[in-house]
Amino acid sequence: WANNIVVVLNSLIKQRCLENQVKLRGSFCMGMCPSEEVSIKIADDMFSVNPNEIAEFFETKIKRWLES
């Protein structure tokens, strides 16, 4: 499921022309290893995200962070 999240995030980044603002990097669980979710770090904040909610996460967390 982590690979699916990377594909979706890359697609959302490209659709919104944010390649110069968002750097997507892979890492292991970063100390937060939930079984059904993926860990995502934005600046110093960590989130556990369900793969089914990645588009909503992008809109509510990533875009909001970019706009701040």
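**Asking how we know: a predicted α-β-β-α chain**

User: What pattern does the protein chain follow along the sequence?
Analyst: Reading along this predicted model, you get α-β-β-α. That comes from 2 helices and 2 strands.

User: What makes 15 residues count as a nonpolar core?
Analyst: They have to be buried, of a nonpolar type such as Leu, Ile or Phe, and joined through side-chain atoms within 4.5 Å. The largest set in this chain has 15 residues, and Leu9, Ile40, Ile54, Phe57, Phe58 and Ile62 are those with the most contacts inside it. Helix 1 (2-15), strand 1 (38-42) and helix 2 (54-67) each give two or more residues to this core. Helix 2 brings the largest share, 5 residues.

User: Why are the buried residues of helix 2 said to be on the same side?
Analyst: Start with who they are: Ile54, Phe57, Phe58, Ile62 and Leu66. They cover an arc of only 105° around the axis, so they sit on the same side of helix 2. Turned away from that buried side is a face with the exposed residues Glu56, Arg64 and Glu67.

User: What covers the buried residues of helix 2?
Analyst: The cover includes helix 1, strand 1 and strand 2 (45-49). Zoom in on Phe58: leaving out residues up to four places away in sequence, Phe58 touches Leu9, Leu12, Ile13, Arg16, Leu18 and Lys63.

User: How do you know that the span of helix 2 is close to the expected one?
Analyst: Helix 2 has 14 residues, and at 1.5 Å a residue 20 Å is expected. From first C-alpha to last, helix 2 reaches 18 Å, which is close to that value.

Terms used
Residues are numbered from 1 along each chain as its sequence is written. This is a predicted model: local features need pLDDT of at least 70, side-chain atom pairs count only at pLDDT 80 or more; totals for chains, interfaces and linings use all residues. Side-chain values use heavy atoms; hydrogens and water are left out. Helices (H or I, at least four residues) and strands (E, at least two) are DSSP runs, numbered from the N terminus. Buried means under 20% relative accessible area, exposed over 50%, partly exposed in between (1.4 Å probe, protein chains only). Contact means heavy atoms within 4.5 Å. The expected span of a helix is 1.5 Å times one less than its number of residues. The arc is that of the directions from the helix axis to the C-beta atoms.
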